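Dear colleague,

I am passing on the structure we spoke about, with the sequence alongside it.

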Number of protein chains: 2
Amino acid sequence: MGKDPLVIFTPSGRRGHVAPGTPVLTAARQLGVDLDSVCGGRGICSRCQITPAYGEFPKHGITVHDDALSEWNAVEQRYEDKRGLKPGRRLGCQAQVMGDVVIDVPPESQVHRQVVRKRAEARDIVMNPAVRLYYVEVAEPDMAHPSGDFERLRSALAEQWDLPGVHIDLPVLSDMQPILRKGEWKVTCAVHLGDAAAPPRIMRIWPGFHEDRIFGLAVDIGSTTIAAHLCDLQSGEVVASSGMMNPQIRFGEDLMSRVSYGMLNKGGAGEMTAALREGLNALFTEVAREGGAETDHILDAVFVCNPVIHHLFLGIDPVELGQAPFALASAGAMNLMARDLDLTVLPPAARVYVLPCIAGHVGADAAAVTLSEAPDKSEDLVLLVDVGTNAEIQLGNRTRVLACSSPTGPAFEGAQISSGQRAAPGAIERVEIDPATKEPRFKVIGCDLWSDDPGFAAATRASGITGICGSGIIEIIAEMRAAGIVDASGLIGSAEQTGSSRCFLDGRTHSYLVWDDSAQGGPRITVTNRDIRAIQMAKAALFSGARLLMDRFGVDRVDRIVLAGAFGAHISPKHAMILGMIPDAPLDKVTSAGNAAGTGARIALLNRDARAEIERTVHEIHKVETAVEPRFQEHFVNASAIPNAVEAFPELAKIVTLPDVSFNQQDEEAGEGAHRRRRRRR
Amino acid sequence: MGKDPLVIFTPSGRRGHVAPGTPVLTAARQLGVDLDSVCGGRGICSRCQITPAYGEFPKHGITVHDDALSEWNAVEQRYEDKRGLKPGRRLGCQAQVMGDVVIDVPPESQVHRQVVRKRAEARDIVMNPAVRLYYVEVAEPDMAHPSGDFERLRSALAEQWDLPGVHIDLPVLSDMQPILRKGEWKVTCAVHLGDAAAPPRIMRIWPGFHEDRIFGLAVDIGSTTIAAHLCDLQSGEVVASSGMMNPQIRFGEDLMSRVSYGMLNKGGAGEMTAALREGLNALFTEVAREGGAETDHILDAVFVCNPVIHHLFLGIDPVELGQAPFALASAGAMNLMARDLDLTVLPPAARVYVLPCIAGHVGADAAAVTLSEAPDKSEDLVLLVDVGTNAEIQLGNRTRVLACSSPTGPAFEGAQISSGQRAAPGAIERVEIDPATKEPRFKVIGCDLWSDDPGFAAATRASGITGICGSGIIEIIAEMRAAGIVDASGLIGSAEQTGSSRCFLDGRTHSYLVWDDSAQGGPRITVTNRDIRAIQMAKAALFSGARLLMDRFGVDRVDRIVLAGAFGAHISPKHAMILGMIPDAPLDKVTSAGNAAGTGARIALLNRDARAEIERTVHEIHKVETAVEPRFQEHFVNASAIPNAVEAFPELAKIVTLPDVSFNQQDEEAGEGAHRRRRRRR
């Protein structure tokens, strides 16, 4: 034993003595080193590539001689000739340990390789997918010892991969016999490793060694848009992303109108379910096309969505979510098959995992944000806001996490805004207003120039200037407030009051002219007082939810704020704070997590342990129901003011001084605004 | 503790002291007594009825006073007023133990009650179904502690029934919320208790206490006929049985012609699968109608069939079963759902259990016969023969069991026989031929008179005399042999040779006239030499299989023979032995098990432990493949003679002396018979 060669693996640092002639792959398994293999050491899959290092290693106290590994054998040479190996690489299953050696396992040869996320503060994703490929050689049938082909395949998986007791999906069993014979009793199986609802199960079989990649989908179904990310289930790479409008929009823009549609129309919920699933099928076809994947190589899919969409996706009437006590049919994670959900473009046995919901108003999308942003692991107190048609809000740190939902409505997405539009080329997304002249300048999506830069007209000729998107609305109203065009109550001043001819009487209130291309037959873009009211309602709902969680946590300020959601990625923190959308905080402590729900879906897709983890975590989250909290209404009224009638914003005050204007007299005369405000405050 | 009353339960004999005031149901549970309850002790279901016994019990050493149980309470009185209790009965959940008492649990109050089988030698079936009903009271939703309705239902099952971690089928979840509310949070759940492929799962939910019965199906799919038995899953009672022709017959009478149809016609296997499933749906509708059951109360179904039908039922092309090495796609038991198999008249989540196959030619039907007849538990050596289009044969005792299959073809069922017909009114089923006069007399199905009894003509006027069914064919050929009309080689003698004008030249061989109604425009029923050849082939296949197993077992005789299969029930053992269909044995040791495959299916339906048992047992059975056994051919040739060219039949000889006739000269002249025989023997 003392004479057996010493093998040291990097980067793991695992080391041990093995008998001379032991293949590196075998040595790795003996020492618990993470070295991949799909073909089980037959020199076919090349996933076990390693890089031996030669020379002196004083740190390890060994010298690696040139003959530390065996010579190239025929299998390795054939692979090199046919496919080629990177310089210095060997096949771990063929190269045998002959003397002391240091062996590096490159990241792509690790089963549990890490998928690096772009944001520095985000945790990497460790690969541990629920569906894996296994190459096996199956015993041929023998009349003297009759047994089923499947039973012999199962034995092969047990013996060659230590994967006992696998089951098989019936449609796969139906196709199995010709595949076994075509592959001459050598096949590659895609195996789902099992979950709470089912034991390990063969989902697909291919004859011989399966060269192609297998894929999974991470899908974020929003009220308005659906985003699907196609991921390679072995590398973790996102090979394509695609989005579409939620086809349920035709039944109602916001969630409650969809719930109502289901209540008022017999079979309405079923119609919405069918529309969504049909849309998903189209989206999956598209994203597979973009990624150059066959849809029948998509074997796993993870879905996140809010509770109403969650129920409609599963074919459950969401009527109970439209009224107190907002009872979910089931809050737990769902382990299903594509065929259960009419996802007909996927293989019938493709797995579907739906993350658990947190509460009746805080869905699987919020759970996905939790998984991505991990407030439960944060040292400092973090406020997580997923801004969409409905805002899901979480507040917490390692000690505890609170969550609630607030019905912001679609105003933040440009809906219900007179010149509002979805984020698309030509939409105004950034705005500055000169406090002295009250003149605006802006940028539109698809052009990097400001509107007062030379060449702007030429650069935007193709797209035109078509309206204002959600983040543009927030900026322009915040800029109007900062420039003294709008007062704290949300009223736009008259031309006289503001000294700007861009303010004009528009019915019984005033509007502000942003852009006028009507002489050229183009649009006339304005911000009306109605637009400001809509944003006031939305941002008050968002702020009040956050404030309520702060009350419950017993704090008056948070350490940092993370804005999630595709829209959150485009919100300017300064403008959001001027509006009073979010609590006061140092600007550099307000960051964007991008589409954190989609990322959470991707984490659950690539790592099955993350599924178990989030199922545990959501149990620990304390849910707060805004609808029954008396203080919510009080916070809402205060938060209707810009930025807020009672809350101080000391951090904001350090960088912006908001003019103390009031256009109230005007308001009394015009009537409508004050009347509406009073009614709302009752 | 010494003062606590003593409770003695009969018939179990379990006894123990319980605190005064303990309800009898609770006492039963504490003492491990099998006392049923669906409502969990709420006085609703009445399944826990017991009969207290009063007076002196010297055997038990106690005296039971009139006040040994508590007075009738309001719940019990209400039940008595509304539904009535049998005299002397009490509700076990309401009556409390106040003093020493002897309590009898009647059979219908036992969960694991025994279903008595008609045959004295057959084991009773102990009730232990896979699907059970549970009444629960579910906590209402609470906004302060949000959770899903299903999660609260699951907790209720865990707490009230000690049934933790149940899952729910998605279609059931879809309907759950309105049912919970309709039942005011009291519901009855049908729960499948789980199997190898899945954990316990809620299959149906009804509001309140569910009064109606739930059902299961035991289905025997034969090549020719399908039989379905509808069983009450609580009492075990067969409430209706119904049968139909297998709709696959139009693709081929025998199994191999169906396999060929699938090979020669693209999509042919799929056509046969669809035809079978469609037929099953019609049959289930019919049997439910007969049993007065709603099809959506059918929650479990057990199927048995031979391997080719097994594969076609599951949607697997049986092509591999048509050629060596006869590899099954899967030999194991199948746990599926009705929706997996397009059994659309059943609830989609209804369970389907398919018994395991024993080998490529010995299917789940043979496994069901094993379960019913238990050769593996027999002290004496039993030969089990399931006679159908294919014969499955088992030979064994407690030490070991051997099994094989033999392709008898459909001749035993009246097919390929010139005057053959299926068993139906008007078919000749019993025959006697006078050895002196060679005159036949017979009975037809639907009439108890012999054909020479007065009144026979009038009694059979409605049905007519239409042909000969399978058991009739066996009797008539055996009688022809015994009367010297047919010789040992299977040749019919001429009128001269036999001295009977009923023998006549019919082409190149002779035929025997059984019945001539042609003067009245009716049929002319004859037995041709071709008919005898067909039966010779079939019976030789059957005998050779049995003999082969005897060789392997190392015996020359068996202790007893059990004929299974619906047809087996009608075979006369004496005639079967004259033909040499079965090995020699004392006639009283040849019994019929009726439809043992169907009974096996029923056992597996009513007792989930029996499923685990048969899955273990089939592993132990030693399979013999007749197609590759050189001795099979030798046995076959010998068994072509009537009864056999080499085997002695000493038991048969004690009761019948077969005339030593030979009509060979005639044969040489006519040519055809000898020619065919020679060809077969090559």
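**Helix packing in chain B**

Helix α12 (residues 529-553) of chain B packs with helix α16 (residues 630-639) of chain B at an angle of about 130 degrees, and their axes are 8 Å apart. Axes here are lines fitted to C-alpha atoms, for helices over the stretch in contact, with angles that run from 0 to 180 degrees between N-to-C directions. That angle makes α12(B) oblique to α16(B), since angles under 35 degrees count as roughly parallel, over 145 as roughly antiparallel, 65 to 115 as roughly perpendicular and the rest as oblique. Helices (H or I, at least four residues) and strands (E, at least two) are DSSP runs, numbered from the N terminus.

On the α12(B) side, the residues that meet α16(B) are Lys539(B), Ala540(B), Ala541(B), Phe543(B), Ser544(B), Arg547(B), Leu548(B) and Asp551(B), and on the α16(B) side they are Arg631(B), Phe632(B), His635(B), Phe636(B) and Ala639(B). Two residues are in contact if their C-beta atoms, placed from the backbone, lie within 7 Å. By class, this contact of α12(B) with α16(B) has seven nonpolar, two polar and four charged residues, where Ala, Val, Leu, Ile, Met, Phe, Trp, Tyr, Cys and Pro count as nonpolar, Asp, Glu, Lys and Arg as charged, and the others, Gly among them, as polar.

**How to read the model**

Please keep in mind that this is a predicted model, in which local features need pLDDT of at least 70 and side-chain atom pairs count only at pLDDT 80 or more, while totals for chains, interfaces and linings use all residues. Residues are numbered from 1 along each chain as its sequence is written, and chains are lettered from A and ligands numbered from 1 in the order in which they are written.

**Chain A as a whole**

Chain A has 19 helices and 33 strands, and its C-alpha atoms fill a box of roughly 100 × 65 × 55 Å along the principal axes. Of the 682 residues in chain A, 53% are buried; a residue is buried if 20 or more other C-beta atoms lie within 10 Å of its own, exposed if 12 or fewer, and partly exposed in between, with C-beta atoms placed from the backbone. Among contacts in chain A between residues at least 6 apart in sequence, 67% join residues at least 24 apart.

Helices α5 (residues 255-264) and α6 (residues 268-291) of chain A cross at roughly 130 degrees, and their axes come within 6 Å. α5(A) and α6(A) are therefore oblique to each other. Arg258(A), Tyr261(A), Gly262(A) and Leu264(A) of α5(A) make this contact with Gly268(A), Ala269(A) and Met272(A) of α6(A).

**Where the chains meet, and helix α4**

In the contact between the chains, 38 residues of chain A touch 38 residues of chain B. The elements that give two or more residues to the chain A side are α3 (149-161) and α4 (170-182) of chain A, and α4(A) gives the most, with five residues. The residues on this side of chain A divide into 22 nonpolar, nine polar and seven charged.

α4(A) bends by about 45 degrees at Met176(A), and the proline Pro178(A) follows within four residues; the bend at a residue is the angle between axes fitted to the seven residues ending there and the seven starting there. Val172(A), Leu173(A), Met176(A), Gln177(A) and Leu180(A) are the buried residues of α4(A), and they pack against α3, β13 (167-168), β14 (186-192) and β15 (201-207) of chain A. After α4(A) comes Glu184(A), with a positive phi near 50 degrees.

In chain B, a kink of about 45 degrees lies at Met176(B) in α4 (residues 170-182), shortly before Pro178(B).

**Backbone details**

The peptide bond from Thr10(A) to Pro11(A) is cis, with omega near 5 degrees, and Pro11(A) lies in the loop between β1 (6-10) and β2 (15-17) of chain A.

Asp162(B), which is not a glycine, has a positive phi of about 55 degrees and lies in the loop between α3 and β13 of chain B. Asp162(B) counts as exposed because it has 8 C-beta neighbours inside 10 Å. Ala374(B) also has a positive phi, near 50 degrees, but is buried, with 20 other C-beta atoms within 10 Å.

With best wishes
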